[in-house]
Amino acid sequence: MADPLNVASCLRAMRRAGAAGEPVPADMAAMWAKVCIEELYGMQKPVRYECRRRGSNDPWEEAEPGDVTHPRRRNLVIRALYLHPPVGKQQHRWPPGSNGDGRCLDCDETEWLAGPECRPHAPLRDHRSAMPFRITWLIEPLEKLLYLTKYLNPFDRAKWRKETTYLIDRIRDHEKGSQP
Ligand SMILES: [Zn+2]
């Protein structure tokens, strides 16, 4: 093959071989595959990993490093996305009429501080959504509520302190009782 070995030359050779209708030696087919894979994916790192619960049809969400290293433990399916060639830079969108002091409608960066590229943040995902519910998750918010009762009037404060303390104690007892 006189062409330099790249994806275009391999595709050209494959089409020529197909048009000629002759059998192609196995090592030729292997070389085309090798060149295409290396040129398309070889040195690239995935630009993004995405995950969703195993067996579900949930929309794909951006994966965190822990998802990628422990997909089984978290019951996730991971996919790696490669972009080749890279997508063009996304431009910020400034609110109409802002004079250099507005915030981007997509990424919320301030106009005079913003970098050249708009990178909207992926919505944060709470890992608890993939886990069975645990009643002990309630303790922390209840303790926060207990703390916030200091802003109530004395009557309500006493009432809600009693209520939250009772619930926290019951959750702790329940958890002790359900330990093996
Ligand atoms: Zn932006």
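This report walks through a predicted model, from its domains to its zinc site and a few individual residues.

## Domains

Let's start with the overall layout. The chain is divided into four stretches: domain 1 covers 7-42, domain 2 covers 48-87, domain 3 covers 90-126 and domain 4 covers 133-178. If you take the centres of domain 3 and domain 4 over their C-alpha atoms, 40 Å separate them.

## The zinc site

Which residues coordinate the zinc ion? The donors are ND1 of H92 and the SG atoms of C104, C107 and C118, at 2.2 to 2.4 Å. The angles that these four donor atoms subtend around the zinc ion run from 100 to 116°, and that makes the arrangement tetrahedral. The cut-off for calling four donors tetrahedral is that all angles lie between 85 and 135 degrees.

Along the sequence, the donor residues follow the spacing H-x11-C-x2-C-x10-C. C107 and C118 both sit in the loop between β3 (76-81) and α4 (139-148), so this pair ties together parts that are 11 residues apart in sequence. Are these two cysteines buried or exposed? C107 is buried, at a relative accessible area of 5%, and C118 is buried too, at 4%.

## Helix α1

Now to helix α1, which runs over residues 7-20. Among the residues of α1, S9, C10, A13 and A17 are buried. They cover an arc of only 100° around the axis, which puts them on the same side of the helix. R15, G18 and A19, on the other side of α1, are exposed.

Both ends of the helix have something to look at. At the start of α1, a side-chain oxygen of N6 reaches to within 3.1 Å of the backbone nitrogen of A8. After α1 comes G21, whose phi is positive, near 70°.

Two residues are worth a click if you like backbone geometry. N75 is not a glycine, yet its phi is positive at about 60°. You will find N75 in the loop between α3 (65-69) and β3. Its relative accessibility is 35%, so N75 counts as partly exposed.

The other residue is D108, again not a glycine, with a positive phi near 70°. D108 is placed in the loop between β3 and α4. How accessible is D108? Its relative accessibility is 47%, so D108 counts as partly exposed. For this label, the value has to fall between the cut-offs of under 20% for buried and over 50% for exposed.

## Sequence distance and space

Finally, here are some residue pairs to trace in the viewer. E39 belongs to helix α2 (residues 26-42) and is partly exposed, with a relative accessible area of 40%. T149 and R161 are 12 residues apart in sequence, and their C-alpha atoms are 6.6 Å apart in space.

Q91 gives another pair to follow. Q91 is in the loop between β3 and α4, and its relative accessibility of 57% makes it count as exposed. Between the C-alpha atoms of Q91 and R54 there are 35 Å, with the two residues 37 residues apart along the chain.

Conventions. Residues numbered from 1 in each chain as written. Predicted model: local features only at pLDDT ≥ 70, side-chain atom pairs only at ≥ 80, totals over all residues. Heavy atoms only, no water. Donors = N, O, S within 2.8 Å, 3.2 Å for Na, K, Ca; no water. Tetrahedral: all angles 85-135°; square planar, octahedral: opposite > 155°, others 65-115°. Helix = DSSP H or I, 4+ residues; strand = E, 2+ residues; numbered from the N terminus. Buried < 20%, exposed > 50% of the residue type's maximum accessible area, 1.4 Å probe, protein only. Domains from an automatic or database assignment. Expected span 1.5 Å × (residues − 1). Arc of directions from axis to C-beta. Polar contact = N/O pair within 3.5 Å; in protein donor to acceptor, adjacent residues only side chain to side chain.
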